[in-house]
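Here are my notes from going through the model you sent. Have the viewer open while you read.

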Amino acid sequence: MRTHYTEIELDALRELANIGAGTAATSLSMLLGMPIDVTVPTAAALPLADAIDATGPAELCVTGVAIPLDGDLTATALMLFPEEDVATLCDLLGLETDSEYAASALGEVVNILCASYLGALGDTTGMTIGLGPPEQVVDMLGAIVGSILAISAGAGDVALMLDSTLIIEGRSCALSFLLIPSAAGIDGLLGQLGLG
Amino acid sequence: MGDISVRMGELVASADPAAVLVSIGLGSCIGLALVDAGAGVAGLAHIMLPGPGDPDGRPPGTFADSGVPALLHEVKALGAQRLSAVIVGGAQMFGAGGASDAHVGARNEDAVRAALRAANIAVVAADTGGASGRTIRVRVGDALVTARIAGGSEMALFGRMAVVA
């Protein structure tokens, strides 16, 4: 079981996240007709409890959309939306926040972002990555991230998360896109980059 | 004194009457409180997986099979003798076949209950299962254990009065 990743390995994973998030930002920009900025992604291997803290306050109520990945990469893609960001996104999509369409539209946005992100990741690494159906919950951030870590990273003692933020220009809306690979998934990614 | 946060995989025991032990945002994880109101001792473990697993190099409360005995050891070291258990959490946050499935929540609860049975400790109250995350709070001074779901109000599960009765 790997517990440490070198700076070179983390840099390589960051670059992958950069390529993925850049492509996802282009898709989101086309969908919303607005410019989207991407922050430099973070990649860190943290003890599981610290990994939860790194995503935000555990008691914060957020909407989480999770997409299980399979194929050559076992991982979970997770997007977390604080309540005000859900409202902003719905507004930009011309939907009422509480309408029955809002939840499915949010799922669809995440689907599109995931497909672009992972398509770029697959093209770069030569991996075939399958996307499962998105699942959406509204709950405490700690409960959402903890439940996913228990499955995705549970076998390891550290969690590796690639965190990218997409910023909708002119609106204070920052979408956090997390990729949480299983231990085997990380080794697979590094192997494809010649660092395994 | 402020709340003492017991994060995923961690466990804390205390005999400080002013201490409040808290695990925020339990999803599939289990918050296990062991209290001895008479001795003024309580402990809280934030258990992540049923086990079996090698706890080496990991927080001691990571697995149910090793975390329950570890918490028991800690509270007994502080003088606890007549222990009652309260369990909170073990939800299934995502639906069947989804990202976080595999029924970890239910398997966590089963494993914690099995470990408590093996140690002859009764579960006197529980708020488990369902699809919502919870926060557990343990007030050491009066052995009050509460649970709260996201957006909900705090609910008392156990307290000193229950022991007297």
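1. Start with L26(B): its bridge partner in β8(B) is R134(B). Keep in mind that this is a predicted model, so treat the pairing as a prediction too.

2. Strand β3 of chain B (residues 20-26) runs antiparallel to strand β8 of chain B (residues 134-139), and the two pair over 5 bridges.

3. Zoom out and you'll find both strands in an open sheet of 5 strands in chain B, ordered β1-β3-β8-β9-β10 with mixed pairing. Which strands stand at the edges? They are β1 (3-5) and β10 (155-158) of chain B; each has a single partner strand, so one side of each is left without a neighbour in the sheet. On average, neighbouring strands of this sheet are turned by 30 degrees against each other, direction ignored.

4. Over to chain A. Its secondary structure comes to 6 helices and 8 strands. Reading from the N terminus, the elements go α-β-β-α-β-β-α-α-β-β-α-β-β-α.

5. How confident is the predictor here? Chain A has a mean pLDDT of 86, with 95% of its residues at 70 or more. Among the elements of chain A, strand β6 (residues 135-140) has the highest mean pLDDT, 92, while helix α6 (residues 183-192) has the lowest, 81.

6. On overall dimensions, the C-alpha trace of chain A spans about 45 × 35 × 25 Å along its principal axes. The radius of gyration of chain A is 16 Å, which agrees with the value near 16 Å that a compact globule of 196 residues would have.

7. Take the contacts in chain A between residues at least 6 apart in sequence: 76% of them join residues at least 24 apart. The accessible surface of chain A comes to about 7700 Å², and 55% of that belongs to carbon and sulfur atoms.

8. Is S182(A) buried or exposed? It counts as buried, because its relative accessibility is 15% and the cut-off for buried is under 20%. Leaving out residues up to four places away in sequence, S182(A) touches T74(A), A75(A) and S152(A).

How values were computed
Residues numbered from 1 in each chain as written. Chains lettered and ligands numbered in written order. Predicted model: local features only at pLDDT ≥ 70, side-chain atom pairs only at ≥ 80, totals over all residues. Heavy atoms only, no water. pLDDT = per-residue confidence, 0-100. Helix = DSSP H or I, 4+ residues; strand = E, 2+ residues; numbered from the N terminus. Pairing = 2+ DSSP bridges. Axes fitted to C-alpha atoms, helices over the stretch in contact; angles between N-to-C directions. Rg over C-alpha atoms; globule rule 2.2 N^0.38 Å. Contact = heavy atoms within 4.5 Å. Areas by Shrake-Rupley, 256 points an atom, 1.4 Å probe, with all protein chains shown as cover. Buried < 20%, exposed > 50% of the residue type's maximum accessible area, 1.4 Å probe, protein only.
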